[in-house]
Amino acid sequence: MTTTPEYEGNSEDMNKARSARYGAQDEARPDTRDGTRDSRALQKQFSRLLSRPEAASVLRHLHRITRERLLGPDVSEATLRYMEGQKAILAYMERMAADGNNPPAMSPLEYAQTGD
């Protein structure tokens, strides 16, 4: 098992270290790892945030410095990885906002219960 300066040991220790560092999980900071309604709340928050008029100019700027940026042939692998990470974050933000604008899809179980 690898260790970090924050914790050493099992996953319970890791969770305690994470809670100490980032605070307890609450409604203000919904967790999207399990894909439950908390992720839906976060999607709606992204949607509200990115639908504001000021967000359009911010998103254009982020597109310019990430997706539209051209790198030369002598760019390092580290720089390529860094740029791809930036693009991934921007895509994540846009995907969350788009999902927040759309009604959630029914699960197969919910669909089966409708009788259609």
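Biologist: Which word applies to Ser 47, buried or exposed?
Modeller: This is a predicted model, in which local features need pLDDT of at least 70, side-chain atom pairs count only at pLDDT 80 or more, and totals for chains, interfaces and linings use all residues. Residues are numbered from 1 along each chain as its sequence is written, and side-chain values use heavy atoms, with hydrogens and water left out. By relative accessible area, computed with a 1.4 Å probe on protein chains only, under 20% is buried, over 50% is exposed and anything in between is partly exposed. Because Ser 47 has a relative accessible area of 9%, the residue is buried.

Biologist: With which side chain does the side chain of Ser 47 make a polar contact?
Modeller: Ser 47 is found in helix H2, where helices are DSSP runs of H or I with at least four residues, strands are runs of E with at least two, and numbering starts from the N terminus. Leaving aside neighbours within four places in sequence, Ser 47 is in contact (heavy atoms within 4.5 Å) with Ala 97, Gly 100 and Asn 101. A polar contact is a pair of N or O atoms within 3.5 Å; within protein, one must be able to donate a hydrogen and the other to accept it, and residues adjacent in sequence count only if both atoms are side-chain atoms. At 2.4 Å, the partner of the Ser 47 side chain is the side chain of Asn 101.

Biologist: How far from Arg 40 is the nearest side chain of opposite charge?
Modeller: Arg 40 lies in helix H2, residues 37–50, and, neighbours within four places in sequence aside, is in contact with Asp 99, Gly 100, Asn 102, Pro 103 and Pro 104. Lys and Arg count as positive and Asp and Glu as negative, while His and the chain ends are not counted. A salt bridge requires a side-chain nitrogen of Lys or Arg within 4 Å of a carboxyl oxygen of Asp or Glu. Arg 40 is buried yet has no salt bridge, and the nearest side chain of opposite charge, Asp 99, is at a distance of 6.8 Å.

Biologist: What is the geometry of the aromatic pair formed by Phe 46 and Tyr 92?
Modeller: Rings of Phe, Tyr and Trp (its six-membered ring) pair if their centres lie within 6.5 Å; planes under 30 degrees apart count as stacked, over 60 as edge-to-face and the rest as tilted. The count comes to one aromatic pair. Phe 46 and Tyr 92 have 5.9 Å centre to centre and 90 degrees between the planes, a geometry that is edge-to-face.

Biologist: Which helices does this pair link?
Modeller: Phe 46 counts as buried because its relative accessibility is 16%, whereas Tyr 92, at 29%, counts as partly exposed. The two residues are 46 residues apart and link distant parts of the chain, namely helix H2 and helix H4.

Biologist: What separates the C-alpha atoms of Thr 66 and Gly 85?
Modeller: Thr 66 is in the loop between helix H3 (53–65) and helix H4 (77–101), and counts as buried because its relative accessibility is 4%. Not counting residues up to four places away in sequence, Thr 66 touches Met 83, Gln 86, Lys 87 and Leu 90. Thr 66 and Gly 85 are 19 residues apart along the chain, and their C-alpha atoms are separated by 9.4 Å.

Biologist: What share of the 116 residues of the protein count as buried?
Modeller: The secondary structure comes to five helices and zero strands. One of the buried residues is Ala 55, with a relative accessible area of 8%. Of the 116 residues, the share that count as buried is 17%.
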